[in-house]
Amino acid sequence: MSLNLQDKRRWLLPLCLGQILSFCITGSSVASSALWTHYSVSIPFTQNFCIYLVLFTVHTCRMRRHDARMEPDHQENSPWSFFGFSFADVQANILAVLAFKTTSVLSTLVVSSWTLPCIMLLSTFFLGYRYHVGHFGGVILCLSGLFMLIYADTMSDSASTSNHSWIGDLICLTSATLYAISNVTEEYLVHRCTTEEFLSRAGFWGSILSGAQALLFEYHDWISIEWRWQVVGLIMIYVTSLSCMYSLGPTLYRISNATFISMSLMTSNFYSLLAGLLFLDAKMPPFYPIAYILVICGVTSYNMTTPPQTSQRSEYQSLAKSDEENRYLCI
């Protein structure tokens, strides 16, 4: 009985946390869409700067507060590792926004699906993962749900295939690859440092990179924007949603892996639809419920399969135990 409860917790906890992260992504996308649709405000560099600044401030304070209790069990990580993660993450976010402006929605969704197999390839070559048949089956189910979602969009909205651009497709492919690099790098780093150290250093580099780009590209936008409380409120929702996602991310990486998280975040498309139905008078396209079920079944199948084998598993478990003893898992 005890074993069954442990098994249920092993697959149910990551599944629930993954959907919480997906809800956070949905909140940020809805807020960003509302900013552009209702107030013609598009300042992605500034919004990302606020996120990284919050992460740096909050988690640096937490790290300093816990310094007295922290045991030096973790490996020393090069600051350039955190810079590399932040650079990939910042540029992926920006290129994703640019891709939607330079190519069709359909092309963006199709090309962005490259993130998932790219994560599996990077995890295999750099983290030593060896996947089982059940993992590939789960990934196929998720991708099937995604492509069914895309097909439903093409049936319901002819505009989804307009504005096609090969340059936009290349930008989207670059963004998807950078997302994969940042996800795999985060998985590598969070097993070698505390949550606070990772988010503090990532927030430091991220705020510098996105802040410099915001000053360079969005200074005139700051002046021209009419700063009403609605605009500020939507920016706060965006920042809060993604700050929560980044803060919960290390916990999920420690009990799962980058591939599972990427699969879980696919459901944010469906939650965005629900938000549209509730607040924007959108209509339910055909096949959406079936596509959602396919993605959830894929994520569940992946997570219920024996975890991928890796040469670093014993090291991961040792570091995770040390984190738990020092109460550094951020839940």
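**Exercise 1. Helix 13**

How many residues does helix 13 (residues 288–304) have, and what distance does helix 13 reach from its first C-alpha to its last?

*Solution.* The model is predicted. Step one: take the count. Helix 13 has 17 residues. Step two: take the reach. From first C-alpha to last, helix 13 reaches 24 Å. Step three: compare with expectation. At 1.5 Å a residue, 24 Å is expected, and the reach is close to that. Step four: look for buried positions. Those of helix 13 are Y288, A291, V295, I296, G298, V299, T300, Y302 and N303.

**Exercise 2. The whole chain**

State how many helices and strands the protein chain has, and what share of its residues is buried.

*Solution.* Start with the elements. There are 14 helices and zero strands. Along the sequence, the pattern reads α-α-α-α-α-α-α-α-α-α-α-α-α-α. Next, burial. Of the 331 residues in the protein chain, 50% are buried. Last, contacts. Take those with a separation of 6 or more: residues 24 or more positions apart account for 91% of them.

**Exercise 3. Helix 2**

Find the reach of helix 2 and list its buried residues.

*Solution.* Helix 2 spans residues 44–65. Its 22 residues reach 32 Å from first C-alpha to last, close to the 32 Å expected at 1.5 Å a residue. Its buried residues are P44, F45, T46, Q47, N48, I51, Y52, L55, H59 and T60.

**Exercise 4. Helix 2 against helix 10**

Describe how helix 2 crosses helix 10 and which residues make the contact.

*Solution.* First, the axes. Those of helix 2 and helix 10 (residues 229–255) come within 9 Å and cross at roughly 50°. Therefore helix 2 is oblique to helix 10. Second, the hand. The crossing is right-handed. Third, the contact residues. Helix 2 supplies Q47, N48, C50, I51, Y52, V54, L55 and H59. Helix 10 supplies Y238, V239, L242, S243, Y246 and S247. Fourth, their classes. The contact has nine nonpolar, five polar and no charged residues.

**Exercise 5. One cysteine**

Place C172 in the chain and decide: is C172 buried or exposed?

*Solution.* Begin with the element. C172 lies in helix 7 (residues 166–190). Then check the area. Its relative accessible area is 4%. Buried means under 20%. So C172 is buried. Finally, pair C172 with V97. The two are 75 residues apart in sequence. In space they are 9.1 Å apart, C-alpha to C-alpha.

Methods. Residues are numbered from 1 along each chain as its sequence is written. This is a predicted model: local features need pLDDT of at least 70, side-chain atom pairs count only at pLDDT 80 or more; totals for chains, interfaces and linings use all residues. Side-chain values use heavy atoms; hydrogens and water are left out. Helices (H or I, at least four residues) and strands (E, at least two) are DSSP runs, numbered from the N terminus. Buried means under 20% relative accessible area, exposed over 50%, partly exposed in between (1.4 Å probe, protein chains only). Axes are lines fitted to C-alpha atoms, for helices over the stretch in contact, and angles run from 0 to 180 degrees between N-to-C directions. Angles under 35 degrees count as roughly parallel, over 145 as roughly antiparallel, 65 to 115 as roughly perpendicular and the rest as oblique. A crossing is left-handed if the near helix is turned anticlockwise from the far one by less than a right angle, and right-handed if clockwise. Contact means heavy atoms within 4.5 Å. Ala, Val, Leu, Ile, Met, Phe, Trp, Tyr, Cys and Pro count as nonpolar, Asp, Glu, Lys and Arg as charged, and the others, Gly among them, as polar. The expected span of a helix is 1.5 Å times one less than its number of residues.
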